[in-house]
Amino acid sequence: AARVSAGRRNAFCRAATTSGPDGSFRLDDLGSGPVPLRASLGSAATVTTELELQPGVEATWRAVLPTEVAVHALAGRVVDEADRPLVGWRVVVRQRGQPPREGRTDSDGAFSVGVDQPRGLDVRAFAPDRPPTAFADAVRRDVDATAGDVRLVVGARPTAVVRGRVVTGDFTAATAQIGCWHHEHREYARFHAGEDGSFELTDVPSGTVDVTFTHPGHTDHERRWLRLGPGAVVDLGTMQLAA
């Protein structure tokens, strides 16, 4: 569960991944020429190098991390309500004062993610096609990595749909960023409106949400305390952002 990245920060061809249970990793679609590589586990265990990559040629890097650094690993499984393993699911671990870490479940639904601190962890599981900016399919809070494997159970949950369209003052479509805060779940998700300004937020957990629309050069627009019942479809209509 080491974090491995290639390319310089904010570069077009930058890529990152998490190593598997056997330490292996793969980074595709990198640029050619000298490419910096970085592998890290925790805040202190880090090693870097630079490889000369050739077009169409696969390169190999064996990154040896220092063993004297105390690093914690959070292990567990993601299963459904019938205790069947969920394969290829993304597990994101958030920790105070540190960037989030993530991994993927294997054929047994198991995962292992390296963390900087062992306690007070926020653990979220996402379906393979769901981005980590959406609402999680399962959440465990205040997790202790030293207390043994953590189990995340993904079950059916009541959801709703929020849709509408965002335009500017002259009714031009706005590809606004949409933030959605869920009061009962204490969870924040991010989405984007399409090229025509329309949006449809699916699989929003039932409950009470605040929705905020942000677009460069315009003031934020908020719709607060929207109550979403199970299966509800809430159409916010056309929202015009002020300059």
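**Strands, sheets and salt bridges of a predicted chain**

Of the 243 residues of the protein chain, 40% count as buried, where buried means under 20% relative accessible area, exposed over 50% and partly exposed in between, with a 1.4 Å probe and protein chains only. The structure is a predicted model, in which local features need pLDDT of at least 70 and side-chain atom pairs count only at pLDDT 80 or more, while totals for chains, interfaces and linings use all residues. Residues are numbered from 1 along each chain as its sequence is written, and side-chain values use heavy atoms, with hydrogens and water left out.

The secondary structure comes to zero helices and 18 strands; helices (H or I, at least four residues) and strands (E, at least two) are DSSP runs numbered from the N terminus. Taken along the principal axes, the C-alpha atoms fill a box of roughly 55 × 45 × 30 Å. The protein chain exposes about 13300 Å², of which carbon and sulfur atoms supply 48%; accessible areas come from the Shrake-Rupley method with a 1.4 Å probe, and for residues only the protein chains shown count as cover. Among contacts (heavy atoms within 4.5 Å) between residues at least 6 apart in sequence, 52% join residues at least 24 apart.

Strand E16 (residues 207-214) is joined to E17 by six bridges, and the two run antiparallel. Val-211 stands opposite Arg-223 in E17.

Thr-208 also lies in strand E16 and is buried, at 3% relative accessibility. Its side chain makes a polar contact with the side chain of Arg-227, at 3.3 Å. A polar contact is a pair of N or O atoms within 3.5 Å; within protein, one must be able to donate a hydrogen and the other to accept it, and residues adjacent in sequence count only if both atoms are side-chain atoms. With neighbours within four places in sequence left aside, the residues in contact with Thr-208 include Trp-181, His-183 and Trp-225.

The other open sheet has three strands in the order E15-E12-E18, with mixed pairing. Strand E15 (198-205) and strand E18 (233-240) form its edges; each has a single partner strand, so one side of each lacks a neighbour in the sheet. Strand E12 (residues 159-167) and E18 run parallel and are joined by six bridges, and Val-166 has Met-239 as its bridge partner in E18.

Parallel pairing is also found between strand E5 (residues 72-80) and E11, over five bridges, with Val-79 opposite Val-153 in E11.

The structure holds 15 salt bridges, each a side-chain nitrogen of Lys or Arg within 4 Å of a carboxyl oxygen of Asp or Glu. Asp-122, Arg-124, Arg-141 and Glu-187 are linked in a network of such bridges. In one of its pairs, the closest N and O atoms of Arg-141 and Asp-122 are 3.6 Å apart. Arg-141 lies in strand E10 and Asp-122 in strand E9, so this pair ties together parts 19 residues apart in sequence. Arg-141 is partly exposed at 40% relative accessibility, whereas Asp-122 is buried at 13%. The side chains of Arg-124 and Glu-187 meet at 3.1 Å, N to O. That pair links distant parts of the chain, with Arg-124 in strand E9 and Glu-187 in strand E14, 63 residues apart. Arg-124 is buried, with a relative accessible area of 5%, and Glu-187 is buried at 1%.

Glu-187 is also in contact with Ala-134, a residue of the loop between strand E9 (121-126) and strand E10 (138-143). Ala-134 is buried, with a relative accessible area of 8%. Ala-134 and Arg-190 are 56 residues apart in sequence and 6.0 Å apart in space, C-alpha to C-alpha.

Methods
Pairing = 2+ DSSP bridges.
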